[in-house]
Each structure stands twice: as C-alpha cells, then as structure tokens.
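Hi,

Here is the structure we talked about. Please open it alongside this note; my findings follow below.

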Amino acid sequence: MSRTVRVDAITVGYGRGEPVLRGVSAVAEPGRMLAVTGPSGAGKTTLLWAMAGLLRPVEGSVTVDGEPLRDRDDAVGRGVVLVPQDNGLAAILTAGENLQVALIAAGAPPVDARRSSAAALERLGLAGQTDQLVEELSGGQQQRTAIARGLALGGDVLLADEVTSELDAGNRQRVLELLREEADRGAAVVFATHDAEAAAACDAELHLLDGRAELLRAAPIAA
C-alpha cells in the first residue's frame with residue numbers, strides 16, 4: 001500500500017527548550033524522493049523523528065493518509081521505516097542478525113527473515129559481512145548495514161537520516177540508486193542530507209534554516 005505523510009505547520013522542541021522547528025510543513029508522497037537539507041542543528045533529524053512518530057509536535061499535525069500519527073508504534077504499524085543517523089544497530093549481534101531480529105519482530109517467519117536479510121546485505125555489497133559482528137565493522141559498513149535493514153523491512157514510507165555521510169563515492173551512488181528503487185516501487189522516501197549532489201538526485205528539496213522551512217524544488221506533477 002502506498003502512503004502519504006503530511007506535516008502541517010508543526011512546531012517541535014525538546015523538553016522546555018526553544019522549539020527546533022517552527023511552523024514547518026512538508027509532504028512525502030508515494031513514488032517520490034524528498035531531500036531535507038540544511039546546516040547542522042537546522043532540525044533535519046527532528047523533522048524525520050516527527051514523521052516517524054518519535055516526537056509529538058506542540059503545534060500542528062503529522063498525518064499518514066489523512067489520519068493523525070499517534071506515536072512510533074502507530075507509525076511502524078502503518079509501514080513507516082526509519083533509518084537513523086546513528087544506525088541503531090546492536091553491536092553484539094552480527095550484521096545478519098541485526099536484520100533478522102528486525103524482520104522477525106515485524107512478523108516475518110525466521111526462514112524468510114534469513115533469506116531477506118541475506119538478499120538485502122548483498123544489495124549493499126555486504127554479503128561477506130553477514131556473519132561479522134557489527135562492532136567489528138567499519139563506520140561505512142555499519143551505515144550500509146542499517147540501510148540494508150531499512151530496505152529489508154520494505155516499508156511504505158522510508159525515512160533515511162544522513163545515510164551516506166560515511167560512504168565513499170561508489171557506495172553513496174549505490175545507496176542513492178537503491179533509494180530511487182524504493183520510490184519506483186511506490187514508497188515515499190525522505191532523505192535528510194548535507195550532500196548537495198545527493199539532494200539533487202531527489203525529486204524535491206526542503207531546506208531548513210533556523211527552524212523554518214523553504215521548498216527549494218517541488219516534485220514534478222505526474223502525467
């Protein structure tokens with residue numbers, strides 16, 4: 001099922017501090033890649049966390065197909081997959097086990113989870129690291145493992161937070177192509193990035209600065 005995530009004039013902060021986002025709006029549409037850009041501290045991660053149900057706006061709303069997003073469990077149930085900037089992997093598990101645990105938790109039978117994990121790691125050039133502990137992997141390999149996990153989950157919405165920051169040019173291009181494949185199969189892809197070239201590969205770009213948002217490029221209208 002294809003899903004649209006709509007962010008409508010949200011204000012989001014942490015605790016009692018000043019809001020990180022103020023009146024920000026955005027739309028993640030099926031079949032489209034939205035780049036979220038801006039300097040460090042501009043609120044890129046905060047926006048993705050709000051779209052993932054991890055943060056509740058103090059003003060405004062986040063909806064999935066027109067229905068309010070309640071929390072992270074609700075987002076997971078609606079197929080919203082988040083690949084976090086810090087990769088979120090369990091260091092004491094192997095690369096393959098990290099994927100398998102996530103897939104089994106999502107309801108996949110163990111046999112299917114192993115098969116899908118192996119296929120996803122191979123797509124990221126990590127077939128040789130399947131049985132290697134995450135703590136033994138390089139930063140770039142860990143980042144690719146986290147991306148593989150996100151792809152294996154096959155969500156209707158894929159939120160990717162700075163997932164190319166530690167990759168060389170070849171692997172960065174590979175990841176961009178895989179994100180495009182996700183959009184082509186009908187997923188709504190949101191990609192937070194500092195990389196201007198990576199952002200240019202997306203259909204639209206939302207630029208954050210001082211808690212505000214500006215749509216620099218809009219997605220083309222489908223024929």
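Asn87 sits in the loop that runs between strand 6 (80-83) and helix 3 (95-105). This is a predicted model, so please read everything here with that in mind. Asn87 is not a glycine, yet its phi is positive, at about 70°. Is Asn87 buried or exposed? Its relative accessibility is 14%, so it counts as buried, the cut-off being under 20%.

Asp65 also has a positive phi, near 50°, and is a residue other than glycine. Look for Asp65 in the loop between strand 4 (59-64) and strand 5 (67-68). Asp65 has 37% relative accessibility, so it counts as partly exposed.

Next, Thr46. It belongs to helix 1 (residues 44-51). Thr46 has a relative accessible area of 5%, so it is buried. Which residues does Thr46 contact, leaving aside neighbours within four places in sequence? They are Val12, Tyr14, Val20, Leu21 and Leu55.

Now the nonpolar cores. The largest has 32 residues. Within it, Leu124 and Phe191 touch the most other members. Helix 6 (residues 169-184) supplies the largest share of this core, with five residues. A second, separate core holds 31 residues, among them Ala28, Leu47 and Ala204.

Phe191 is worth a click. Not counting residues up to four places away in sequence, Phe191 touches Leu34, Ala35, Val36, Ala160, Val163, Thr164, Leu176, Leu179, Ala198 and Cys202. One of these, Val36, is listed in the second core.

Best wishes

Key. Residues numbered from 1 in each chain as written. Predicted model: local features only at pLDDT ≥ 70, side-chain atom pairs only at ≥ 80, totals over all residues. Heavy atoms only, no water. Core = buried A, V, L, I, M, F, W, Y, C linked by side-chain atoms within 4.5 Å. Buried < 20%, exposed > 50% of the residue type's maximum accessible area, 1.4 Å probe, protein only. Helix = DSSP H or I, 4+ residues; strand = E, 2+ residues; numbered from the N terminus. Contact = heavy atoms within 4.5 Å.
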